[in-house]
Amino acid sequence: MKRLIVVRGPMGAGKTTLCQVLLPYLQPAFWLDGDWCWKMEPCTADEAMREMVMENIAFLLRNFLQNSSLQYVLFGWVIHQREILDKLLDRLTGLSFDCQVFTLVCTPEALQARLQRDVEQGVRAADVIPRSLQRLPLYGQMKTSKVDVSQISAREAAEEIARQIATYS
């Protein structure tokens with residue numbers, strides 16, 4: 001059975017790094033970073049753009065889930081509301097796959113420190129810090145497998161998720 005592995009969490013929690021580390025554990029697999037579908041300047045998040053991005057993500061996920069050479073499709077994105085995940089999964093109706101959702105959680109202090117490092121390195125703008133901290137409580141509300149990344153490395157988090165995926169099989 002095909003497996004869609006969703007890794008969600010606030011901006012700065014380490015989704016991209018974790019997915020890079022996790023990918024080799026999930027062979028044969030493909031990884032889609034939802035942020036890739038938002039790479040535009042200037043970034044506009046109006047309703048028409050959100051709809052287009054969701055459609056593009058669903059198109060890519062659908063194609064990779066239909067690919068017979070892949071067992072896993074790994075998808076990382078912020079997904080701060082259950083409705084976003086539900087709308088995305090609705091677009092994949094008709095495909096046969098299991099979906100496992102993991103949420104990266106961390107303390108506000110750990111998140112702020114990570115984001116501050118990104119700002120200092122020029123990876124992110126400073127305005128991301130309050131936005132990400134404001135959304136942080138939303139990640140504890142969705143019923144998913146939680147992985148607290150406050151004090152563990154991306155490798156340790158990836159190994160924990162890989163264990164949970166193997167146990168689920």
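The questions below take the sheet, the aromatic pairs and a helix contact in turn.

This is a predicted model, in which local features need pLDDT of at least 70, side-chain atom pairs count only at pLDDT 80 or more, and totals for chains, interfaces and linings use all residues. Residues are numbered from 1 along each chain as its sequence is written, and side-chain values use heavy atoms, with hydrogens and water left out.

Q: What makes β2 and β5 edge strands?
A: The open sheet has five strands in the order β2-β3-β1-β4-β5, with parallel pairing. β2 (29-33) and β5 (145-148) each pair on one side only. Strands (E, at least two residues) and helices (H or I, at least four) are DSSP runs, numbered from the N terminus.

Q: How do you know that β4 pairs with β5?
A: Two strands pair if DSSP finds at least two bridges between them. Four bridges join β4 (residues 97-105) to β5, and the two run parallel. Thr103 stands opposite Lys146 in β5.

Q: Which strands does helix α3 touch?
A: Helix α3 (residues 82-90) packs on the sheet and touches β1 (2-8), β3 (72-77) and β4. Contact means heavy atoms within 4.5 Å.

Q: Why is the pair of Phe75 and Trp77 called tilted?
A: Rings of Phe, Tyr and Trp (its six-membered ring) pair if their centres lie within 6.5 Å; planes under 30 degrees apart count as stacked, over 60 as edge-to-face and the rest as tilted. The ring centres of Phe75 and Trp77 are 5.9 Å apart and the planes are at 55°, so the pair is tilted.

Q: Why is Trp31 called buried?
A: Buried means under 20% relative accessible area, exposed over 50%, and partly exposed in between (1.4 Å probe, protein chains only). Trp31 has a relative accessible area of 11%, so Trp31 is buried.

Q: What makes Trp36 partly exposed?
A: The relative accessibility of Trp36 is 42%, so Trp36 counts as partly exposed.

Q: Why is α1 called oblique to α6?
A: The axes of α1 (residues 15-22) and α6 (residues 154-168) come within 9 Å and cross at roughly 60°. Axes are lines fitted to C-alpha atoms, for helices over the stretch in contact, and angles run from 0 to 180 degrees between N-to-C directions. Angles under 35 degrees count as roughly parallel, over 145 as roughly antiparallel, 65 to 115 as roughly perpendicular and the rest as oblique. Therefore α1 is oblique to α6.
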